[in-house]
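Thanks for making the time this morning. I would like to walk you through one model, and I will give the cut-offs as we go.

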Amino acid sequence: MFKKEKKEIKEYLQAHKLSQKADIDSFNDLQNSLAAAQDAFHVFIEKLGEPALILAKDDSILYANLSFFDMFDYHPEDVMGVSVLEFIQPEYRAYFTDYLKSQEKRKSEFHFIAKNNQIYTFSVSISKAMWEGAESYYVLMADITKLKRTQMLNGILESIIKMLSTTPKLEIALKQMIEILNSQLQWEIIVAWIWPTENLGSPYVEIAHVQDIDIDDFAQATRQEAVDNEKVNGGIWSTYRPFWIEDVTESSTFSRKKEALKNNIHGALAFPFYQHSQLGGVIELYRRKPLQEEVDDLMLNLITSIGIEFGFYIQRKIAEEAKLQFSNVIAYSVNGIFTLDANGIVKSWNPGAEKIYGWKAQEIIGSSIRKTIPNDRLEEFDELRKILLQGTMVEHFQTQRLHKDGHLIWVENAYGPINNPFGKAAEACVVVQDITSQKAAMDSLTRSEERFRTFVETTREWIWEIDKIGNFTFSNQAVLKILGYQVEEIMGKNILYYFFIEDRDKMEKLLKAHTTQKKGWVEQVMRFRHKNGTECWIESNASELVSLNHAFEGFRGASRDVTEFKIFEKIKDEFISMVSHEIRTPLTSIHGALTLLIQRELSLEDKKELLTTAKRNSDHLTNIISDIIDVENLQIGRMEFDFQKIKIKDVVLEAIKTSDIVAKKFNVKIFKDEVLSDVEVNGDFMRLVQVMTNLLSNAIKFSPPEGIIHISTEVEGDVVRVSVSDQGPGIPEEFRPKIFEKFVQADSSSKRSYQGTGLGLSISKSIIQGHGGTIQYRTKAGEGTTFFFELPKL
Amino acid sequence: MNKKLKKILLVDDDHDIHLILKISLQELPDIQVYTALSGEEAIKIALDVHPDLILLDVMMPQMDGRATLQVIKLLSSLSKIPVIFLTARVQKEEIDEYFKCGVADVIPKPFDPVILPETINKIWENYQNKNS
C-alpha cells in the first residue's frame, strides 16, 4: 500500500509536468498534496489490521500502530522508545539487526514475544523512510503464526502419511510416528489401542516412545488395562471425541496415574481412529511436560487427520494380513482351489489342485478345464456352468475327473460364482477334494457292513447286545431258533427274565461281577429257559461295549446252543459208565475164575466149570469190544461189507439160534412165521445176523417175563421186509426221535432189564443203510414195539 | 459171644458170579450158601431160610440191589440181616448212597475170590461187634 501511494504521487507529478524548476505555487500545491498524502498514509498505517512499527535508526520504536498494541497486549509506555529487539526472540535479534541494516526490501520471518510471553511469527518487511524529518525504518508486520503452525502441522501429517505408506510394521510405524510428533510437538509416548472388529474381545495395545525415557511401569499398566478391557478409554468410546489432560498425575479419573507419576509422565492427549467408518481404536500421546498450550482447531484437525490415516493404515494392514492368510490357506490347503472364467479357462491353480489333478499351475493356467473332465462327464459340466453363470453356488458335487496321467479320480467339488464389478457372475471358484480313497474306503466299508449284516442275520449264532443293566438293545434273528422268541419280543427286556427263576439270583450276581469289572467273558455256559419252558444250554462269548468316550455301555456277545452237546456229554458219560460196567461184569467172572484156578486146590469139576465161565465171559467181552469198534468204524464210514447172495431166511434162523440162550434166561419165547421168505438179497451174512440179533436182544430185554417175540418176513414189490415184534412197554414218546442215535438207551437207570452198549440200533441202521435198505419201527405205549427192516431183493 | 456165620445168601443175575462165589466161599467151614438170580427170588429165599448174611449185587434187572435192600429193611424178620453190596459201581458218591440205604459194607467188583472169604468174615465180625 505504501508503494502504491508513492506511485500515485509520482504519477501526479508527471501528469502535471512538474519539475524542481516549476513555479512556487505549483510546488506549494505539491507540498500540500504530499502533506495530505502523508496524513492519509498515517491514518492508514494507524488503522492497518496488521502491526506496523516505525523505528529510529538505533532500533528504538518511534511509532507503533494500534494492531501492534492489540496483538502484543502492550501499552505505549512499554513500547515507545524501547529497542525493537526487546520484542524479538533473542535468537532472532542479531539476524533482525542485520536484516534492518542490509536495507534490502524483502520479507523475512521473525518471532515476536507478546506480553504474555506467547510467541508470534511475523513476516516482516522493512523500508527506509523519513519520519518527522529523521531517517527511520518503516516496519510492516504480517502475522503468519497460524500459517506457520498450519504449515508445521501439515508437515507432520505429511510425514506421518508418507511414513505409514512405507512402513509395513506397526511397531516401527508407531516408533517413527512418535519421533515425528516429538520433533515438533514434544510428544514422547504413543499408545495405540487397536480394537478387534465389532468391539469384541480385548484390544491390541502397541506402545512406542522416544529414546532415553523409562516408561516400564506405565507401559506395563497400560498393557494390563488392555487385558481388563472394561476400563479402557471410556471417554473416547462414548463421545468419539478427542480429549486431553493437562497433567495426568493430577487427574482424578486417569487410571494409570500412579505409574504415570512413577515414570514422570504428565501431559496427555487421546484421539480416536476409525476402521470401516467405525471406531477402530484410540491413540494416546503422552509427554513428561504438562500440557500447557491450547489444543486448538489446528491441532484437532491434525489429530483427526492422523486418526483417519492411522485407521486406514490399520485397515490396510488387516486386509493385507487377511489376504496373506488367505493366500497361505490357498497355498497350503490340501484341497484343490482354482478359478475359471466364464468359458471354463483356468485362471488360477493352487498346489492342492496340482497334487489332485497332476497338472502344474503353469501347464494348465490359460487352458480349458475340460482337459480334466472325462468325456462322459462333459455334459454334466456344461449343465453346471449354466447354473454357475446364473450366480448359484453348487456344493458337495461328487463326480469323476481325469488325472494328468489318464486315471480317473473321484472328487467332491464346491463351485462358487465370482461376480464381475457389475454384479454379473463371470468367473467361478472351485474347491476340490480328492475323495478317491474315501470313496474306496466307503465302498469297502459298505461292503464290509453288508457282509457283517448278512453274517449277523444269517449266522446260527445268537448275536446280541445288552446295556449296563442287562436289557437287550440288539439281537439277531437266531434268538428265535435258540430261545423261541422273536427279536421284538426280547428287545428292551432284561436278560435275567430268560433264565429259570431258580437261576436268576446266581445269574444276576454273575452279570453284576462282569459289569463291575467292565469285562466280558469267554465260553461261559449258561442255562436259559426256552420260550416253551425247556432248558436250553447256551455258551456265550461276550465283550464289553464301550462308547467313543470310553464309557462302559454294556456287553455284546455271540452265543450258541450247546444243549445237544450237553445232552451228548451226559449220554457219553453214561455210556462210559455203562461200558465200563459192561466190561467189568465179564471181567469179574474171568478174573474170579482164573484167580481161583491158580490159587486154590479145586475139584476137576470146579476147574472145568470155572474155565467154561472164563471162556464165555471173554467171548462176551469180545462182542462188546467189537460193538465199540463197529461204532468207531461207522463214525468214520469205514465199515466194510462182504456182499454175497444170501437167503433172508438163513439170517433169521441164525439170529434166533444165537439169541435163544438169552431169551431163555429172560424167560422170553421167540416165535417165527411158519413159512419164512425164501427171497435172496445181496448182503453181508454176518452183518445182517448182527442186525437181527440186535433187534432180538432189544426185544428180549424189553419183554415182560413170559413175553413172546414174533418174527415175520414179507415181500412187497422189490423189497423184503423182516419184522421183530415184542410185547414190551413201547418206546417212550420223548425218546423216539433219537432211537437210532449212538449211545442211546431209553432207560439208563440200573433197573435196566438187559445191559447193552446203547450202540445196537445205531450199528443196525448203518448196516441196513450200507445194504441200500431202511430200518423203522412202530410202537404203542403198553402194547409193544415192532422193528422192521427192508432190503432190496435180488 | 459172637454168632457164628453159617448161612449166606448170594444174589446176582449172573450165573457165573454164583459159581465163582460158591467156590470161593468153600473156604469158610460149615457154611451153607444159597443163591438167587433176582431181588424177588432173594426176598423169597431170605424169608424162607433167614440167612446170617446177604451178598447182594446192585445192578440187576427189574428189582435192583437197592430196591431189594429196601424191602429187606422193611421186613422186620429180615431187617437185622447184614447186607453186603457187590458192585462195579463204586464211585464215592455211589458208596455214600449205599451206606445211606443201610448196607453193612461194599465189596467192589471185580473181587478177589481168594481173599473174599476173609473179607466177608471180617465184615461179619465188625457187624457183630457193632450190634452186640
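Let me begin with a question: what percentage of the contacts in chain B with a separation of 6 or more is accounted for by residues 24 or more positions apart? The answer is 62%, where a contact means heavy atoms within 4.5 Å.

Before going further, please keep in mind that this is a predicted model, in which local features need pLDDT of at least 70 and side-chain atom pairs count only at pLDDT 80 or more, while totals for chains, interfaces and linings use all residues. Residues are numbered from 1 along each chain as its sequence is written, chains are lettered from A and ligands numbered from 1 in the order in which they are written, and side-chain values use heavy atoms, with hydrogens and water left out.

On confidence, the model scores ipTM 0.88 and pTM 0.43, and chain B averages a pLDDT (the predictor's confidence in each residue, from 0 to 100) of 90, with 98% of the residues scoring at least 70.

Staying with chain B, we find 5 helices and 5 strands, these being DSSP runs numbered from the N terminus (H or I, at least four residues, for helices; E, at least two, for strands). Along the sequence they follow the pattern β-α-β-α-β-α-β-α-β-α. Of its 132 residues, 51% count as buried, which is to say under 20% relative accessible area, with exposed being over 50% and partly exposed in between (1.4 Å probe, protein chains only).

Now to chain A, and to helix α6, residues 145-166. Its 22 residues should span 32 Å at 1.5 Å a residue, the expected span being 1.5 Å times one less than the number of residues, and the end C-alpha atoms are 31 Å apart, which agrees. Among the buried residues of α6(A) are Leu153(A), Ile156(A) and Ile160(A). Seen down the axis, the buried residues of α6(A) fall within an arc of 130 degrees, so they line one face of the helix; the arc is taken from the directions from the helix axis to the C-beta atoms. Those residues pack against α7 (170-185) and α11 (297-332) of chain A, whereas Glu158(A), Lys162(A) and Thr166(A), on the other side of α6(A), are exposed.

Finally, cysteines: how many disulfides are there over all chains? The count comes to 0, taking a disulfide as a pair of cysteine sulfur atoms within 2.5 Å. Cys536(A) is buried at a relative accessible area of 3%, while Cys429(A), at 23%, counts as partly exposed.
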